[in-house]
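Dear colleague,

Please find the structure below for your records. My notes on what was found in it follow.

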Amino acid sequence: MAKQGVQPDELTKPFWDAATNGKLVIQNCTACNRLQNPPLPRCGQCGSGDNLEWKEMSGRGTIYNYCVVYDCPIRSLQEGQPFNLAVIMLEEDPAIQMYSHLPGTPVDEVPIGGPVRVVFEPTANGQVVPEWEVAA
Amino acid sequence: MTTQMAPESMYRSTEGLGVWEHRGKVASVGIGHSPTARRWDGRPETSVGALSILAMRRAIEDAGISPDQVDGIVVVPVTTTGAHWDPDTPIPMDVVNAFNPSSDPLDGIGQLSAEWLIKNMPELTNVKFTMNAPGCMSAAIVVAAQAVGDGLTSNCLVLKGWHNLDGRYNHGGSSAAEVVPGSLALGPGRTIWGPPGCFGTALQFAEYCHRYGKNHDMMAPFMENSRRNGLMFPEGYWAQHRPEELTPEDYLAARWIAKPANLFDNDIPIMVAASYLFTTADRAKDLKQKPVYILGHASSRGSARSLTPTLEEVQAETGSTGRKIFEAAGITVDDLSFENMYDGFAEFHQFHIEGLGYRGMKFGDALDFYQTDISIEGPNPVLPSGGNIGSGRSRFWMHTDCMQQIQGRAGARTVTGVKPEIAVSGGPMPMGGNFTVWSATPD
């Protein structure tokens, strides 16, 4: 199930470049020592855009919870329905979330609270995107 | 005349503000609804503009004032949450020119403005105050109540209209694109992972069930009750077009959208408009309808730390909202005769009423409460309007019902297990919305 292709833009280019190199990076405000995702032009806490960096993550996390999508608005994903859509909490800060289709996990057999590790997969135009697999 | 968006200072969005300074000094005295339809058929007389004019005229007539006494309009310019006009689709100029157009040809078709309304309601000769409110009738009510209380307007029309077009919500545009910008791909909204509109709510509900040992089947009595109440709402979509009961079996057999949210957990998009007329309590005493006094209003402005609100964030916000509501109105939860909190998605409702502590409820109690008597005949009515699940997506049935119940004009839907004296309505989101307390008396 290939995701829509991605055209990196100015705000998110470092994220996509890192993914291409097999790394997961998340925006971090060095002044607040605070991660944030999705990326923003400014820190969501102090409001400054001067102290934002991209910080490499361990690639480990846990599953907060999930739904099974049967009626997706995105045309290119519809042929893969139903599919898992989970929210992952990053090890470095569980308040920071990422979405995942949990490739390899059967539909509705998602271990809530279980560990996951990042993997990388190509989207429809070849741009690589971070995904998550249930860790053994 | 250029209409501004209401400033944030008109909302009461923090705790500790005390009792609303205009408590009991503003009243609703008129209600007007348009007919409903599933989608726009392209005719001028069924456009959202025409429906809005009709609703406003009905509100004026219901209040028993003359149109030239209206001196204020608060309108929600946005008339959809997902049926946005495709910029590549030509705007039908025959419809535009069937009215007195404003500078924006989408006015009356895919949006509204006070300027367009005034141009097309020549009987409104004395409007001195106009203001826009974002999103929902819930916001417009708060803005209008504050404006009347502050003396900015004396007889103020409040308007919310909805259009619905061919096709499905949010299936065009970026959802149909082969490549999307990197920022859109990462969210928080419509990301390349494909969350449907109800995903965030369904996820919170999944976590709720996981934490408290509940399940989706336990929603069935609430859904049955909502449709039952909706079928007794003659202004509503289901009552007008599809008078079908929703049995627990029907509900549980429905196809999933994002499990654990199914088709019926999503409200049905429709065409409709409603308008209310607000005035001062002093003036209200002499008008045709029994006044419904506003005791207070409150707003929530929660934000998620990351992609989608967690259950913890939702519960923190709804708890705070409940405290703000009661503080503003100078009441306690025990003073509520009934509640009409938002429900479209259905899985919002338990978060709202647990935040209120309705009938002594604590977090995790609502689905068990749904297994008890929640009917309009019982002592603990839940959503007597039937809400958006019971009457279609308008986000205003809850307000109309509070007014009609208190005025004794709710017809077959009248609550009989309690005396309708004080009620709360509002929404939409547990993490962001506007809420109003209505009362039969000003004190």
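Which residues is E131(A) in contact with, leaving aside its neighbours within four places in sequence? Taking contact as heavy atoms within 4.5 Å, they are K3(A), S100(A), H101(A), L102(A), P103(A), R117(A), V118(A), V119(A), E121(A) and, from chain B, W193(B).

This is a predicted model, in which local features need pLDDT of at least 70, side-chain atom pairs count only at pLDDT 80 or more, and totals for chains, interfaces and linings use all residues. Residues are numbered from 1 along each chain as its sequence is written, chains are lettered from A and ligands numbered from 1 in the order in which they are written, and side-chain values use heavy atoms, leaving out hydrogens and water.

E131(A) lies in strand β9 of chain A, residues 128–134. Strands are DSSP runs of E with at least two residues, helices runs of H or I with at least four, both numbered from the N terminus. Because its relative accessibility is 0%, E131(A) counts as buried (under 20% relative accessible area, with a 1.4 Å probe and protein chains only).

Chain B contains 15 helices and 13 strands. Its C-alpha trace spans about 60 × 55 × 40 Å along the principal axes. Of the 443 residues in chain B, 63% are buried. Among contacts in chain B between residues at least 6 apart in sequence, 77% join residues at least 24 apart.

Yours sincerely

Key:
Buried means under 20% relative accessible area, exposed over 50%, partly exposed in between (1.4 Å probe, protein chains only).
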